[in-house]
Amino acid sequence: MKTGYTLFTRLLSTALFSVMFFALPAQAAQFISYGDYEIHYNAFNSSFVEPDVAKTYGLQRGKRRAMVNISVLKKGEDGTKKPISALISGSAANLLQQTQNLDFKKIDEGNAVYYIGQFGFSDDMLMRISVSVQPDPNKPSYDLQFEQRFYAD
């Protein structure tokens, strides 16, 4: 869907811009390389998502809701990178170890594949996000963890 691609690209651009300018420098370019794969990830307040984009993709917006975005690229022998599907699971926990499982929604735009998981938070809350990514169902998954503080809008 051409309109969806434009809307979702706008969402990601806004979220990445916010991460780059409001997060710690180490969080600006968040990805991990594992062999032939790059796993890109970021988290942001759901209020960055335009209402029409949220409706198109069935995402919930709210001033105390956040989103985790995961995408997986496979590196080709010629140096190109291609978006691929993967099995994604994860959780978000606060410092009291109150944990929420992340239900990831796949958004496949042909030339881009994203997985969006959502969770709730309280104002000024540090969340520990853990994600398991399995690009090949016949091989073990890759795990990543990161922390991020969220503020209600």
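**Terms put to the test**

Tutor: Let's start with contacts, meaning heavy atoms within 4.5 Å. Of the contacts in the protein with a separation of 6 or more, 62% are between residues 24 or more positions apart. This is a predicted model, where local features need pLDDT of at least 70 and side-chain atom pairs count only at pLDDT 80 or more, while totals for chains, interfaces and linings use all residues. Residues are numbered from 1 along each chain as its sequence is written, and side-chain values use heavy atoms, with hydrogens and water left out.

Student: Why is Tyr37 called buried?

Tutor: Buried means under 20% relative accessible area, exposed over 50%, and partly exposed in between, with a 1.4 Å probe and protein chains only. Tyr37 has 12%, so Tyr37 counts as buried. Tyr34 has 24% and Tyr142 has 23%, so both are partly exposed.

Student: What makes Tyr34 and Tyr142 a stacked pair?

Tutor: Rings of Phe, Tyr and Trp (its six-membered ring) pair if their centres lie within 6.5 Å; planes under 30 degrees apart count as stacked, over 60 as edge-to-face and the rest as tilted. Tyr34 and Tyr142 are 4.4 Å apart centre to centre with 15° between the planes, so they pass as stacked. Tyr34 lies in strand 1 and Tyr142 in strand 10, so the pair ties together parts 108 residues apart in sequence. A strand here is a DSSP run of E with at least two residues, numbered from the N terminus.

Student: Why is the pair of Tyr37 and Tyr142 called tilted?

Tutor: Their centres are 6.1 Å apart and the planes make 50°, so the pair falls in the tilted class. Tyr34, Tyr37 and Tyr142 form one aromatic cluster.

Student: What makes the largest nonpolar core a core?

Tutor: A nonpolar core is a set of buried Ala, Val, Leu, Ile, Met, Phe, Trp, Tyr and Cys residues joined through side-chain atoms within 4.5 Å. The largest has 26 residues, and Ile70, Ile88, Phe119 and Ile129 touch the most other members. Strand 9 gives the most to this core, with five residues.

Student: How do you know that strand 5 and strand 6 pair?

Tutor: Two strands pair if DSSP finds at least two bridges between them. Strand 5 and strand 6 have four, in the antiparallel sense, so they qualify. They belong to an open sheet in the order 6-5-9-10. Strand 6 and strand 10 each have a single partner strand, so they stand at the edges.
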